[in-house]
Amino acid sequence: MSLESDALSPAELQRYARHLSLPDVGLDGQRRLKRARILLVGAGGLGSPAALYLAAAGVGHLGVVDFDVVAASNLQRQILHGTGDIARRKTDSARDRLYDVNPHVRVETYDERLTARNALEVVREYDLVVDGTDNFATRYLTNDACVLLGRPNVYASVSRFEGQATVFATADGPCYRCLYPEPPPPGSVLSCAEGGVLGVLPGLLGTIQATEAIKLITGIGESLAGRLLLVDAARMHFRTVQLRRDPACPACGTREITELVDYDAFCGDVSSASSSGAAHDDADDADDGVPEITPRELAAKLARGDSLDLLDVREPYEHQLARIPGARLLPLGTFALAVPSLDPAREVVVLCHHGVRSAAAAEYLQSRGFRRVSSLAGGINRWSDEVDPGVPKY
Ligand SMILES: [Zn+2]
């Protein structure tokens, strides 16, 4: 980048006055923003507020990857797009909106799916990536491309009333695979069992992503790298848990991942997997016909000493935060691999945070011939309310 290109015109000096008078940004920070190149993977629920704020802040080059078209059901949360944009390419709609927000920025669009073939080529052109994807295939791909190229990956995800955010793939911080080493087995629908999402929630998390991106570019403050921010909008609780780089991580630890792989078989139906923002509505199938057990019923069984397998399908960090004694941790992502080691004759109770993932896991067990399966209604969250308040809520 040449020196002249970060000079600010009188119009820009006027526009960014509130940054220029902020000691931590100032002229130097504003020039850094102008020189910066940020790639937004997904112009959906998370990508929308992130892109709007990054454009408004004066980030000089924004790349937007999305292969989708705007649908009416997107507008509840994807605020880059308007009613008049329905049926347009999201990249076209995003470009128009961002130029309207700030004509001084340059917007490059990629109207295609990020794949193993093009990801390195695209990501290489940028200083950092804002991951606004809603599917595992693109999330692993984005992570691996960022680790291979040494680009920070500003990550967030949302489901229902909850979200999480962090910064992956910094020089010494953890990456997505440090948390979730391997994708779920191909064809497994389990990992896609998510419900709806409160429209404002990706707005909140996407804005946090924009904040982290601006901090990284300008060098302000302390980044979220090494910490996972957990947001519970229903209770309006924010907390962070420490994350560490895993020396055994196949991406940033052992570095055995040296090239990209397309993981598109994850959710069974690849065509429904979009790189745009928020969660899918695949949960309906999973919720049907799975017997539930209430926390009090389960507590009674455990108190009686009934013989049962209690399986916790949450992630290891969630298990650290709160657990039910006697429950065995089998995270949903690798659950299918562990099923052959289970006894189909025994009673099985599956639990998770709120009961969505456990319903999917219980249904999977039923499909594998398990007859005495139930899902803990309301998950460990309701257990804490109704059985043991000593189990922390998160
Ligand atoms: Zn890693």
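A residue counts as buried when its relative accessible area is under 20%. I start there because cysteine 249, at 1%, is buried by that cut-off. This is a predicted model, so keep that in mind throughout.

First, the metal site. Which residues coordinate the zinc ion? The donors are the SG atoms of Cys175, Cys178, Cys249 and Cys252, at 2.2 to 2.4 Å. The angles that these 4 donor atoms subtend around the zinc ion run from 90 to 127°, and that makes the arrangement tetrahedral.

In sequence, the spacing of the donor residues is C-x2-C-x70-C-x2-C. Across the x70 stretch, cysteine 178 and cysteine 249 link distant parts of the chain, 71 residues apart. Cysteine 178 belongs to helix α8, residues 176-179. Cysteine 249 lies in the loop between β8, residues 237-242, and α10, residues 283-287.

Is cysteine 178 buried or exposed? Cysteine 178 is buried, with a relative accessible area of 13%. For cysteine 249, again, the value is 1%.

Now the sheet. It is an open sheet of 5 strands, ordered β9-β13-β12-β10-β11, with parallel pairing. Which strands stand at the edges? They are β9, residues 292-293, and β11, residues 328-329. Each has a single partner strand, so one side of each has no neighbour in the sheet. As a reminder, strands of a sheet pair through backbone hydrogen bonds.

Methods: Residues numbered from 1 in each chain as written. Predicted model: local features only at pLDDT ≥ 70, side-chain atom pairs only at ≥ 80, totals over all residues. Heavy atoms only, no water. Donors = N, O, S within 2.8 Å, 3.2 Å for Na, K, Ca; no water. Tetrahedral: all angles 85-135°; square planar, octahedral: opposite > 155°, others 65-115°. Helix = DSSP H or I, 4+ residues; strand = E, 2+ residues; numbered from the N terminus. Buried < 20%, exposed > 50% of the residue type's maximum accessible area, 1.4 Å probe, protein only. Pairing = 2+ DSSP bridges.
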